[in-house]
Amino acid sequence: MWRLLASKNSDWPAELHLPDQYTAADWVRDVATTSQAAGPQATAFDDMADPLRMLADSNPCMALRAALLATPDAEVVFVIDHGDPDDAGEQPDLQNLCADALDHIQATVSAHAPVVVLTEGHSDVVILEPALALLYPHLTDLIRFMDYSNSPRGGAPALVATVRAFAAARIANPVIALFDNDTAASDALRPLDRAALPHNIKVLQCPPLEMATNYPTLGPPTLESPAGHLSHADINGTAGSIEIYLGRDVLTLPDGQRRPVQWRSYIDGSKQYQGEITGKKDVQVAFQEKLARAQANPEVIKTQDWDGIRKILEAIVNSSFPRQH
C-alpha cells in the first residue's frame with residue numbers, strides 16, 4: 001500500500017543519481033519491480049521511496065497518474081494534509097475539493113482554447129468569418145465560427161437552444177453567442193437566465209449603430225400612402241440584423257437613398273415591431289462583391305465602409321479577451 005501525502009512540507013533528498021538516457025518507461029518498469037516483495041531486482045532504486053522522490057515537484061495529479069501506471073493494481077490511500085480528517089465534513093473547501101479541481105482544470109483549458117462564436121445562422125458566418133480574416137488576420141487561430149452549413153434551423157430561438165445545450169454539456173471552450181440587434185433576438189433571450197450560464201459562455205447582441213439611429217423605414221399602407229409610408233426611426237434593438245452592419249456602400253441604392261427597413265410582425269412579448277431590411281439577398285450579394293474586391297486588393301478597404309462589421313468583431317474580441325486594467 002502506498003500512502004501519498006499531499007503536503008506543502010516535503011523533505012526530499014536534493015538529488016537522485018540515475019543512468020544516462022534514463023526514460024519514463026524505465027521509471028515505470030523500475031517502480032513496478034521495486035514494489036514487488038519477492039527478492040532483489042536489478043533496478044536503479046534501493047526501495048520504493050527513491051522513485052517517489054522524483055515526483056516531489058510534479059503536479060500531484062500527474063505524479064499519481066505516473067505511479068498508477070507502474071502499479072495499476074495497487075491500493076492507494078491519498079492523505080490530505082488539512083487538519084483532522086474527522087472534521088472534513090465541516091470544511092466546505094474539502095467537500096468541494098474534486099469539483100473545484102475540475103473547475104480549475106476546465107478554466108485552464110478554456111484559457112488556451114479557441115473562442116467558439118455561435119450565430120443565428122449560416123449567413124452570419126459567411127459574412128463574419130472572412131471579415132475577421134480580412135480585418136484581423138492575427139486572430140483567425142483564436143476565434144472560430146461554428147459551421148451552420150448543414151443546419152436546418154436558424155434564428156434567435158434556435159441559438160438560445162444551442163446555448164442551453166452547450167451549457168448542459170459543459171463545453172470547455174470560451175463561447176460567444178452572438179444575437180442580432182433586433183426585437184426577435186431580444187424576445188428569444190427573455191427566458192434565458194444568463195446569470196446561470198457557465199463562466200465561459202457569454203451572450204452578446206450586435207452593438208448599436210450611430211447610422212441606425214435615423215434610418216428610413218417602410219410602414220404599413222395608409223389612405224395617404226397606399227403603398228406604405230416612408231419615415232425615419234431608430235432601428236437599434238428592433239431591426240438590427242447583420243445586413244444593417246454591412247456598410248453604407250452596400251445599403252445605398254442607385255438613387256442615393258438607403259434601402260429601407262420594412263416593419264413586419266408585432267411581437268407581443270417585447271411590445272415592439274420586428275423590422276427587416278428590404279432586398280436582403282441583394283444586400284448579401286453586394287457585400288460578397290465588396291469583400292472580394294477587398295480580398296483582391298486590401299488597399300480598397302480604405303475606400304469602403306467597414307465600421308459596422310468592425311463594431312461586431314471588436315465586441316467579440318473585447319468580450320473574449322478583456323483588457324486588464
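Student: Does Pro 157 count as buried or exposed?

Tutor: Pro 157 counts as exposed, because its relative accessibility is 54%. The cut-offs are under 20% relative accessible area for buried, over 50% for exposed, and partly exposed in between (1.4 Å probe, protein chains only). A word of caution first. This is a predicted model: local features need pLDDT of at least 70, side-chain atom pairs count only at pLDDT 80 or more, and totals for chains, interfaces and linings use all residues. Residues are numbered from 1 along each chain as its sequence is written, and side-chain values use heavy atoms, with hydrogens and water left out.

Pro 157 sits in helix α7 (helices are DSSP runs of H or I, at least four residues, and strands are runs of E, at least two, numbered from the N terminus). The C-alpha atom of Pro 157 lies 7.7 Å from that of Ala 185. Along the chain, these two residues are 28 residues apart.

Follow the chain out of α7. The loop between α7 (156-169) and β5 (175-179) holds Arg 170. Arg 170 is partly exposed, because its relative accessibility is 46%. Check its backbone too. Its phi is near 55°, a positive value in a residue other than glycine. Most residues other than glycine have a negative phi. Lys 271 also has a positive phi, of about 60°, and is not a glycine. Lys 271 lies in the loop between β11 (261-267) and β12 (272-277). With a relative accessible area of 53%, Lys 271 is exposed.

Now step back. The protein has 11 helices and 12 strands. It has 325 residues, and 38% of them count as buried. Take contacts (heavy atoms within 4.5 Å) between residues at least 6 apart in sequence. Of these, 69% join residues at least 24 apart.

Next, see how helices meet. Begin with α6 (residues 122-135) and α10 (residues 280-296). Their axes, which are lines fitted to C-alpha atoms over the stretch in contact, come within 11 Å and cross at roughly 20°. α6 and α10 are therefore roughly parallel to each other. (Angles run from 0 to 180 degrees between N-to-C directions; under 35 degrees is roughly parallel, over 145 roughly antiparallel, 65 to 115 roughly perpendicular, and the rest oblique.) On the α6 side, the contact uses Ser 123, Val 126, Ile 127, Pro 130 and Leu 134. On the α10 side, it uses Gln 284, Phe 287, Gln 288, Leu 291, Ala 294 and Gln 295.

Pick out Gln 284, in helix α10. Gln 284 is buried, because its relative accessibility is 16%. Leaving aside residues up to four places away in sequence, Gln 284 touches Ser 123 and Glu 243.

α6 also meets helix α11 (residues 307-320). Their axes come within 11 Å and cross at roughly 90°. That makes α6 roughly perpendicular to α11. From α6 come Ile 127, Leu 128, Ala 131, Leu 132 and Leu 135. From α11 come Ile 309, Arg 310, Ile 312 and Leu 313.

Finish with helix α1 (residues 24-34). Asp 26, Trp 27, Asp 30, Val 31, Thr 33 and Thr 34 are buried there. They cover an arc of only 165° around the axis, which puts them on the same side of α1. (The arc is that of the directions from the helix axis to the C-beta atoms.) Ala 24 and Ala 25 are exposed on the other side of α1.
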